[in-house]
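Subject: A structure for you to explore

Hi there,

Here is the structure I promised to pass on. Have a look around it first, and then read my notes below.

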Amino acid sequence: MEIERKYLISELPSNLEDYPVRSIQQGYLNRDPVIRIRREDSNFILTYKSSGLMIREEVNLPLNAQSYESLREKIDGKLITKKRYLIPYKQYTIELDVFSGELAPLILAEVEFPTAEEAENFTPPSWFGEDVTFDGRYHNSYLSK
């Protein structure tokens, strides 16, 4: 299960270059349920996600580059491109997504949790903006339309 909260970010942290970053491309073959392909640096993944907002079932399967390229031609909607920064925060990792292309200047932060209780009691850092966890318009599958 994936348990996560999602926030809008209006201003980037000043020391962003200090954190690991990944280049991501992802597209959607289906939106309900979500079937996504992703290239994250040199890794390729096919993902299934069930419906839901804060808590969803998630299954990841490896792809090779050839399979990814073949499936990329079949995506529905636009290919999302973004940089993902991994920022430690307390016992969590903030995944800060800085979108490029048509979705720029959108910036979202996601934090994953081991339990729903931890997610519900989470206090975000001061630089986080609006909590959009329960707003489906901020799911990447919706943004790809």
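Let's start with threonine 133: its relative accessibility is 3%, and because buried means under 20%, this residue counts as buried. Please keep in mind that the model is a predicted one.

The side chain of threonine 133 makes a polar contact with the side chain of aspartate 131, at 2.6 Å. That threonine side chain also reaches the backbone nitrogen of lysine 6, at 2.8 Å. If you set aside the neighbours within four places in sequence, threonine 133 is in contact with Glu4, Arg5, Lys6, Leu53 and Met54.

The largest pocket has a volume of about 280 Å³. It is lined by 24 residues, and the closest to its centre are Glu2, Arg36, Arg38, Lys49 and Arg84. Which element supplies the largest share of this lining? That is β3, with 4 residues. Several other elements each supply at least two residues, including β1 (2-8), β7 (80-89) and α3. Sorted by class, the lining of the largest pocket holds 15 charged, 6 polar and 3 nonpolar residues.

The second largest pocket contains about 180 Å³ of space. Its lining has 15 residues, and Arg31, Val34, Arg56, His139 and Ser141 lie nearest the centre. By class, the lining of the second largest pocket has 6 polar, 5 charged and 4 nonpolar residues.

Enjoy exploring!

Best wishes

Conventions: Residues are numbered from 1 along each chain as its sequence is written. This is a predicted model: local features need pLDDT of at least 70, side-chain atom pairs count only at pLDDT 80 or more; totals for chains, interfaces and linings use all residues. Side-chain values use heavy atoms; hydrogens and water are left out. Buried means under 20% relative accessible area, exposed over 50%, partly exposed in between (1.4 Å probe, protein chains only). A polar contact is a pair of N or O atoms within 3.5 Å; within protein, one must be able to donate a hydrogen and the other to accept it, and residues adjacent in sequence count only if both atoms are side-chain atoms. Contact means heavy atoms within 4.5 Å. On a 1 Å grid over the protein atoms alone, a cavity is a set of points where a 1.4 Å probe fits but cannot get out, and a pocket is an open set with protein on both sides within 12 Å along at least five of seven lines; lining residues have an atom within 4 Å of a point. Grid points are joined across faces, edges and corners, and a volume is the space filled by probe spheres set on the points. Ala, Val, Leu, Ile, Met, Phe, Trp, Tyr, Cys and Pro count as nonpolar, Asp, Glu, Lys and Arg as charged, and the others, Gly among them, as polar.
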